[in-house]
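Work through the exercises below with the coordinates open. Each task is followed by a solution in steps.

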Amino acid sequence: MAAAVDVPSCIQLLRSCGAAAGRQLHQLLFKFGHVPSSLPPTNAVLLMYARSSPLHSRDARLLFDEMPTRNCFSYNSLITALFKSGDLHGVLRVFRSMPDRNTFSWNAVITGLTAAGVLDTACDLLEEMPVKDAVACNAVLHRYVRCGRVDEAFAMLKRIGPQCNAEMTSSPWNDPFVLTTVVGACADRMKYDFGRQAHARMVVTKIEIDSVLGCALIDMYCKCGDLDSARRVHDGLKHVDEFSLSALVHGYTSCGQLHEALCLFDKVENPSIALWSSLIGGCVPAYHGDAAFVLFVRMLRSGMLPNSSNCASVLNMCGFLGMLKPGQQTHGCALKSGAVNDLIAASALIHFYSKCCLWVDACQAFSELRHHDTVVLNTMVTVYSNCGRTDEARRVFDMIPSKSVISWNSMIVGFSQNGQALDAMELFCEMHRLGLRLDKVAIASVLSASSSICSISFGEQIFGLAIALGLQSDHIVASSLIDLYCKCGNLANGCRIFDRIDDPDEVLWNSMLIGYASNGYGHEALELLKLMQSRGVKPSERTFVGVLSACCHSGLVEEGLRWFYRMKEDFGVSPSAEHYACVTDLLVRAGRLDEAVEFIENMPFKADAISWTSIIGGCKAQGNEALLHKVSKKLMETEISPHSSLYVQLSSTLAAQGDWAKSAEIRSMMRDRRISKNAGYSWIDRA
């Protein structure tokens, strides 16, 4: 009866048929007694179920349990079915129950677990593997590198290295894919010594270095700064192709040796767009902005159309160096070639306009995009926040389908920087409630939001969370906490946090100094400045804002003036508008109004609203009507500031002195210049 079925033909059909036809063949073979009693046809049916959709993994399991005899092929087929259904525990259970495991079994389980993201278990199995195979080794190594766990990849290599016989042809150390992954990891982390050891092993075992492995070696040596070794690898290749040449050209350029890169490049008769991209892209890490643009122009004149890669390289360089006109010209070329429609180039364009503070142009570039990714949307959250358009920033934030930590941080920072402290705090709480990873940026931003509304209770809760996350010693977090305590008048706790930091950086010194200043401890702030200098920390622009503010709040007029003039002479710090405003306030508080006005008029730039508001306040406090009328006349003749607060204070001061006509004239001028006062609100209104 069994002879009525052509078993070899059924097995052949089972290798290519779908689940529906395979089930019919299964029934036929079962009817004639070939399944599950005979191993070859049963294995064929089992493999058919394993190759089908995950829905048929149960059929595979039932058939496997019915089999009176099994071999490695049977177990491997069931493991394949279980992987498809996502039953990783079942995979490990079946694998452990195998009486014999061949190389395919080990490779199948290790590569499957690696692909599923269970990397640590895959690594443990690789160490258990009796004879290490190149397929399993490369799968685990490659996944470690892709996940950014490069140090763990090197640690694994050191553990399993002695167990591998380098003399065997099948050894992982003789496999070009494994070696390429190892060398690539060395390049990423600049592990020069480890990379040289890998190269030495290739030479000793006489492994042929092909184009892919050659590119990896050249890239590793270039990134580690050994250009001579990179050149020797290039010259030693049997077949020099464009990829290896591009790697060396990019290496020379990125290390600042543009002349050597051009010597190699100019030997090529018709360089491809990939070679041009390597040459231009190499200028970015070397900060050769002018050279990048000159090469870009040369490429265009040669008749080569730009692609998204070289447009992005030039735009990134122009943005970093503030090269506005070349960047705008590159934008024009990208528009003509259509490269701007690519997300890489579009993202670089938005970054370029953002770096140049041309927020409107960045928003325009975003509006012209047909497609978005998370990187572009994250950038636009920052751009809109920098424009003060937090509603649009929140709209873009809500558009992001898979929000990263950067997405959340960008929105929290945007709210905090635009004075929307409650929104920042609410978003942070939502982030925490969802169980997302909180980093120092999120913690520091929400601490800054808390300090802006003097919410010390909320800030201390956040600091408790920072301690739980091990971020309490981070300089950014500590600086934000010092700022919180000092703004809330709790200077003692601010000092306590500062004293716990072993090696405070410039930001921490400035935070503590400004904390002293804002609480009226001028002498202590100046003592802290001396201590800062004795520790070898150079005062910055921000430091002198704190110093001048401290002198202002403590009435140290001559001391403040002395430090102002020493800024540039002794420390090379050019005074900004904020420094001038501090000195103006210092003179006004000391009652030296005429000197303050003269100081403002001799400034190297136009005075801002803060300086003139300080003068008006001084006139009001001292009853100096003559100077007040002089200032009001000046403000009416020249449009000094568009800020409403300055004119509202001037109008109110004139009205308080009984000069209603002049006060009305100021209000009329505000209407003519379309300067409107923003409506005030209280927290009760918001609630």
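**Exercise 1.** In this predicted model, is helix H19 mostly covered or mostly uncovered, and how many of its 14 residues are buried?

Solution. Apply the cut-off: a residue is buried if its relative accessible area is under 20%. Ten of the 14 residues in H19 are buried, so the helix counts as mostly covered. Among them are Asn310, Cys311, Val314, Leu315 and Cys318. Next, look for what lies over these residues. The cover includes helices H17 (273-282), H18 (289-301), H20 (324-337) and H21 (343-355).

**Exercise 2.** Describe the packing of H29 (residues 475-487) with H31 (residues 506-518).

Solution. Two packed helices are described by the angle and the distance between their axes. The axes of H29 and H31 come within 9 Å and cross at roughly 0°. Angles under 35 degrees count as roughly parallel, and H29 and H31 are therefore roughly parallel to each other. On the H29 side the contact is made by His475, Ala478, Ser479, Ile482 and Cys486; they meet Val507, Leu508, Ser511, Met512, Gly515 and Ser518 of H31. Sorted by class, this contact of H29 with H31 has six nonpolar, five polar and no charged residues.

Key. Residues numbered from 1 in each chain as written. Predicted model: local features only at pLDDT ≥ 70, side-chain atom pairs only at ≥ 80, totals over all residues. Heavy atoms only, no water. Buried < 20%, exposed > 50% of the residue type's maximum accessible area, 1.4 Å probe, protein only. Helix = DSSP H or I, 4+ residues; strand = E, 2+ residues; numbered from the N terminus. Contact = heavy atoms within 4.5 Å. Axes fitted to C-alpha atoms, helices over the stretch in contact; angles between N-to-C directions. Parallel < 35°, antiparallel > 145°, perpendicular 65-115°, else oblique. Nonpolar A, V, L, I, M, F, W, Y, C, P; charged D, E, K, R; others polar.
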